Amino acid sequence: MSFGNTIHKTLEEFLKLWKARQEHIQRDLFGKDPQPDKIRPPTFEELCEIYYRVWIDDWYATAAQKQEYREIKGIAQLKNFYEHFIKNLSTPTHIEAPFKIAMGPYKFTGKIDRIDRGAAGLIIIDYKTGATTAKKLEKVDKDQLIIYQLAAQEFLKEKVESGVYWYLDGNMFSDPFLASAEQCEKLRQEYTETISTIVNAIESDNFASAEEGVKTHDCEYRYLAN
């Protein structure tokens, strides 16, 4: 998790730097010395400088594992990201965009890694730092993208073109996904019921009730609670 947080923070600061430089050039267009051709995208070296500055040093099992993630896996993923970035030079409309949406009587909050603007609406991009070889989305993957779609539609008040995962380890994008209105409503109902179950279990101090109809797991603390 610390590695994933490091990569996400690195890309956030890098893209904000890129966006700031573009906005600076646009302001210069109204000044005495407009030089739109002088815009310079951040370099890979600048990307790495951000990476080492925001690096989270905790939670690695061994010093060797930390070194492997820091100097090999991390740099490899940044190279994959930068290769795509420099070929496209697109500017996100939103970076780490916070949102709050309704789930029945509850408020569901979160952040979207990145949102670009496509021809037919917003393109939601979620970075993944784990390895994968599958472009096809499973239900759990679609659920997350549906949450983001709802957030873009209801919180940002914008139309969505698609949602995708960007697997940085293999520099691969998932198949684009756009949920129907029926899929969105079904997920909202499922999540509202799940939240209600959790809230009721906490309020009644009866965590066994939350396990009814749910696949249990080996958590030693549930035995203490019950």
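This is a predicted model: local features need pLDDT of at least 70, side-chain atom pairs count only at pLDDT 80 or more; totals for chains, interfaces and linings use all residues.
Q: How do helix 2 and helix 3 cross, and at what angle?
A: The axes of helix 2 (residues 44-54) and helix 3 (residues 63-88) cross at roughly 140° and come within 11 Å.

Q: Left-handed or right-handed?
A: The crossing of helix 2 and helix 3 is right-handed.

Q: Which residues of helix 2 meet helix 3?
A: Phe44, Leu47, Cys48, Tyr51 and Tyr52 do, and their partners in helix 3 include Tyr69, Gly74, Leu78 and Phe81.

Q: Switching to pockets. What is the volume of the second largest pocket?
A: About 160 Å³.

Q: Which helices supply its lining?
A: Helix 4 (139-155) and helix 5 (181-204) each give at least two residues to the lining of the second largest pocket. Among the lining residues are Lys139, Asp143, Phe177, Lys186 and Glu190.

Q: And how does that lining divide by class?
A: The lining of the second largest pocket has 5 charged, 3 nonpolar and 1 polar residues.

Q: How many cavities of 30 Å³ or more?
A: The count is 1. The largest cavity holds about 40 Å³ of space.

Q: What lines the largest cavity?
A: Phe81, His84, Phe85, Asn88, Leu89, Ser90, Arg114 and Trp166. Helix 3 gives the largest share, 4 residues. By class, the lining of the largest cavity has 4 nonpolar, 3 polar and 1 charged.

Conventions: Residues are numbered from 1 along each chain as its sequence is written. Side-chain values use heavy atoms; hydrogens and water are left out. Axes are lines fitted to C-alpha atoms, for helices over the stretch in contact, and angles run from 0 to 180 degrees between N-to-C directions. A crossing is left-handed if the near helix is turned anticlockwise from the far one by less than a right angle, and right-handed if clockwise. Contact means heavy atoms within 4.5 Å. On a 1 Å grid over the protein atoms alone, a cavity is a set of points where a 1.4 Å probe fits but cannot get out, and a pocket is an open set with protein on both sides within 12 Å along at least five of seven lines; lining residues have an atom within 4 Å of a point. Grid points are joined across faces, edges and corners, and a volume is the space filled by probe spheres set on the points. Ala, Val, Leu, Ile, Met, Phe, Trp, Tyr, Cys and Pro count as nonpolar, Asp, Glu, Lys and Arg as charged, and the others, Gly among them, as polar.
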